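Please look over the sequence and the 3D structure below before reading on, and keep both at hand. The paragraphs that follow go from one part of the structure to another.

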Amino acid sequence: MEKDKSKFSRRNFIGTVGAAASGLAIVPSSVLGKKLGHTAPSDKLNIAGIGVGGMGRNNLRNMNTENIVALCDVDWNYADKTFKDYPNARKFKDWRVMLDEIGKSIDAVMVATPDHSHAGVTAHAITLGKHCYTQKPLTHSVYESRLLTRLSKKYKVATQMGNQGNSFDWCRQIAEWIQSGIIGDVYEVHCWTDRPIWPQGLAKPKGGVKVPKELDWNLFVGPAEFRSYDPAYTPWNWRGFWDFGTGALGDMACHIMDPLYWALDLKYPTKVMASSTLANLYSPPQAQKVTYTFPERPPKGEVNMPEVKVHWYDGGLLPDRPEELEDGEMMGDSNGGLIFVGTRGKIMTGCYGMNPTLLPKSAMAHFKQPEPTIPRIKGGNGNIWGTNAHEQDWIRACKEPADSRKEASSNFGFSGPFNEMVVMGVLAVRLSGLHRELTWDGEKMEFTNISPNDKIKVVTVDEYAVVDGDPHFDRRFAEFNAKEMASEWIRHSYRDGWSLPEMPVD
């Protein structure tokens, strides 16, 4: 089917989907009695996977209780193993073509593309009434997160961000510990990760390399500014480039900060400050620290919710070691962790909030668990890497009527604002050359203390060579208007031919 794949509109979806669906072997939802977004629990959803070569393959495996009817990926070589998993599924390179051709026969989509294309795929699928499971980080920008939050509310679809720890007992247990007052009022939290485990702090790839025949490079670039192909970008290492990924903070904060965002009843921070190793215009730094300040909130459970500072560390940086920890004891675990500091004590966990403990650990000998108050998710007490709990809870929500649905716990009403906070921290790193704590208006999605005349210098070239035994450095900067750059990073400009639906009025 020949068509201009660079142009997309919802009208094109609606206009072509009816005619194309008439020759399908896939059974349309209406035949199965699925009406108004409701599927009987005994029926199977028709699910399409978009971005299936990496984490998407695992997500689909955890959804294979349903009908996996379509697979879409821009790199058919990388996705081939997943194609072999579902030989009867229709294959596509362009998600727009997929929804044009078989959209009426799809109930739900799983989105695991690179970060920069999450929002476009998910937003347009929502406007077509498709339930959406979208990998973390939910979006690449603050505006995109707000858009998905409002669209999911308007269209009443079931949603879930792919931060699988959210469905496990640990998140709930930590919230119960904190809200029952075990460590008093929490005023400080430290969180860290071992990431990045991919290259960062990179120079702009030179490009000019022949595109592999199985890769549609134009579709990979999608809404981002076009550049020539270079194998440094994909697969997987796109996380280390600003235009496609969000670095270690975007990758792992949606896992590690999830328990604190939930337990402390957070929404928008009011201030943020960041520092890092050298970053440049193209690639995140190798290590960074970000400090968020959240305002006082109403009391929750047995505790007050005072102003709280949340400190993020990555790239090998760590918080100061708690004095309550014995020599030789690891902070968190090998993937990262959390330390909550309250007026009456401390809680430490591993990555995903795993294995929470009071500090000192000896305090656990006489510790009585508070009564559970937060419902658990079926399968949420096993091996986080060996269960389908997170995906299956979303599937359950997809099959319930919208007006009485029990939403999955990382639905976009929760994960949208959460992700806004994460990617706003990414912006703080990019704006750290302003040398100030930035103030943030969450409702308006803007920094309030960047003036129209503020400038920021960003590294564009950073090269090093040894000539006759002497080191030679070539580091160059470009100067930009800081307010204009902040605005662009909060709400990206999309390349011609790519667009987002309009923002619904809340």
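Met-445 lies in the loop between strand 16 (438-441) and strand 17 (446-447), where helices (H or I, at least four residues) and strands (E, at least two) are DSSP runs, numbered from the N terminus. The model is a predicted one, in which local features need pLDDT of at least 70 and side-chain atom pairs count only at pLDDT 80 or more, while totals for chains, interfaces and linings use all residues. Residues are numbered from 1 along each chain as its sequence is written, and side-chain values use heavy atoms, with hydrogens and water left out.

The phi of Met-445 is near 60°, which is a positive value in a residue other than glycine. Met-445 is buried, with a relative accessible area of 15%; buried means under 20% relative accessible area, exposed over 50%, and partly exposed in between, for a 1.4 Å probe and protein chains only. Asp-468, in the loop between strand 18 (455-467) and strand 19 (470-481), also has a positive phi, near 55°, but Asp-468 is exposed, with a relative accessible area of 78%.

The two strands around Met-445 form a hairpin, with four residues between strand 16 and strand 17. They run antiparallel and are joined by two bridges, and two strands count as paired if DSSP finds at least two bridges between them. Asp-441 has Glu-446 of strand 17 as its bridge partner. Strand 16 also pairs in the antiparallel sense with strand 8 (residues 271-276), again over two bridges, and here Lys-271 has Thr-439 as its partner. Which residues make up the covered face of strand 16, and which the uncovered one? Leu-438 and Trp-440 are on the covered face, whereas Thr-439 and Asp-441 are on the uncovered face.

Another part of the model is an open sheet of six strands, in the order 3-2-1-4-5-6, with parallel pairing. Strand 3 (90-92) and strand 6 stand at its edges with a single partner strand each, so one side of each is left without a neighbour in the sheet. Strand 2 (residues 67-72) pairs with strand 3 in the parallel sense over three bridges, and Leu-71 stands opposite Lys-91 in strand 3.

Helix 11 is largely enclosed by the rest of the structure, because eight of its ten residues are buried. Among these buried residues are His-390, Asp-393, Trp-394 and Ile-395. What covers them includes strand 1 (46-50), helix 2 (55-61), strand 4 (108-111), strand 5 (131-134) and strand 6 (159-161), where contact means heavy atoms within 4.5 Å.

Two packed helices are described by the angle between their axes and the distance between the axes. The axes of helix 6 (residues 142-155) and helix 12 (residues 412-430) come within 8 Å and cross at roughly 175°. That makes helix 6 roughly antiparallel to helix 12. Axes are lines fitted to C-alpha atoms, for helices over the stretch in contact, and angles run from 0 to 180 degrees between N-to-C directions; those under 35 degrees count as roughly parallel, over 145 as roughly antiparallel, 65 to 115 as roughly perpendicular and the rest as oblique.

Finally, there are two cis peptide bonds to find. One joins Thr-234 and Pro-235, with omega about 5°, and Pro-235 is in the loop between helix 8 (217-221) and helix 9 (247-256). Another runs from Leu-359 to Pro-360, with omega near -5°.
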